[in-house]
Every structure is written in structure tokens, then in C-alpha cells.
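Open the model in your viewer and keep the selection panel at hand. We will go from one stop to the next.

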Amino acid sequence: MWGAEIGRPGCREGRYQAVVKASHPAGAIVKVILETALLDDTQKAIACALAKAAGADFVKTSTGFGPSGATAHDIALMRQAVGPEMGVKASGGIRTLQDLQAMTAAGATRIGASASVKIVEATAA
């Protein structure tokens with residue numbers, strides 16, 4: 001969870017690049033989970049910039065264990081920070097088709113939802 005370290009002593013981008021350099025040759029995708037509910041907007045933007053500079057494949061809003069999940073505001077901020085090349089995953093609190101649509105409209109390219117069956121069923125209605 002890189003984002004929680006932003007602004008703290010010992011937060012070093014090189015550590016994250018080492019994870020990417022070890023993971024990519026093995027074919028692994030690197031996601032950076034920010035736990036956005038615990039960060040302010042500046043910290044979120046810095047965390048996204050660090051993830052992008054390290055070569056991560058996408059950033060994600062939440063582990064599911066924080067106080068709240070994805071918001072359209074956070075997704076839009078993250079998308080702006082990483083640009084169009086990186087993935088942005090909205091995770092946590094996405095329970096309806098409308099929630100999913102709000103996240104994709106804000107810039108999410110991946111969705112994490114425990115209510116996926118309900119969401120898919122809503123597309124048939």
C-alpha cells in the first residue's frame with residue numbers, strides 16, 4: 001500500500017521501481033493500492049505520480065479494508081494524475097450499475113465489485 005507512505009520519512013520511489021523491475025520480467029502486472037479514503041487529494045496525486053514513474057501498470061482506490069471505497073472524484077483525480085496510458089481500478093462501494101457507470105465515466109478502466117452478479121443482471125433489465 002504505497003499511498004499510505006506519502007509524505008512520511010523513508011518514502012522512496014526506488015523501492016517501488018525495484019518491485020516493478022522484478023515483476024514485469026516474470027509477466028506479472030503491478031497494481032498500486034492507494035487506500036484513497038486515508039489520503040488527501042495532494043497525497044493521492046503524488047502517490048499516482050510515484051506509481052507511474054515506477055512503471056506500475058495501474059493504480060487502485062482501495063483494499064476493501066479501509067473506511068470507504070471508490071468515489072468518482074478520486075477516480076477522476078487518479079486518471080488525471082496518471083494519464084491515459086495507465087489503468088485505474090475503482091474498488092470498494094460499487095454496488096449498482098449506476099455506480100459502475102459513474103466510475104467508468106470518471107476514468108476507471110477496471111472495476112472491483114463484490115456485487116458483480118447484481119450489476120450484470122441490471123444490464124439485462
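**Stop one: a loop threonine**

Select Thr61, in the loop between β2 (58–60) and α3 (72–82). Helices (H or I, at least four residues) and strands (E, at least two) are DSSP runs, numbered from the N terminus. This is a predicted model: local features need pLDDT of at least 70, side-chain atom pairs count only at pLDDT 80 or more, and totals for chains, interfaces and linings use all residues. Residues are numbered from 1 along each chain as its sequence is written, and side-chain values use heavy atoms, without hydrogens and water.

Is Thr61 buried or exposed? Thr61 counts as buried because its relative accessibility is 0%; buried means under 20% relative accessible area (1.4 Å probe, protein chains only). Now show its contacts (heavy atoms within 4.5 Å). Beyond neighbours within four places in sequence, they include Leu34, Ile75, Met78 and Ser91. At Ser91, the backbone nitrogen lies 2.9 Å from a polar atom of the Thr61 side chain.

**Stop two: helix α2**

Select residues 41–54, helix α2.

Check both ends. Asp40 caps the N-terminal end of α2, with a side-chain oxygen 3.1 Å from the backbone nitrogen of Thr42. Just after α2, Gly55 has a positive phi of about 95°.

Note on methods: Buried < 20%, exposed > 50% of the residue type's maximum accessible area, 1.4 Å probe, protein only. Polar contact = N/O pair within 3.5 Å; in protein donor to acceptor, adjacent residues only side chain to side chain. Expected span 1.5 Å × (residues − 1).
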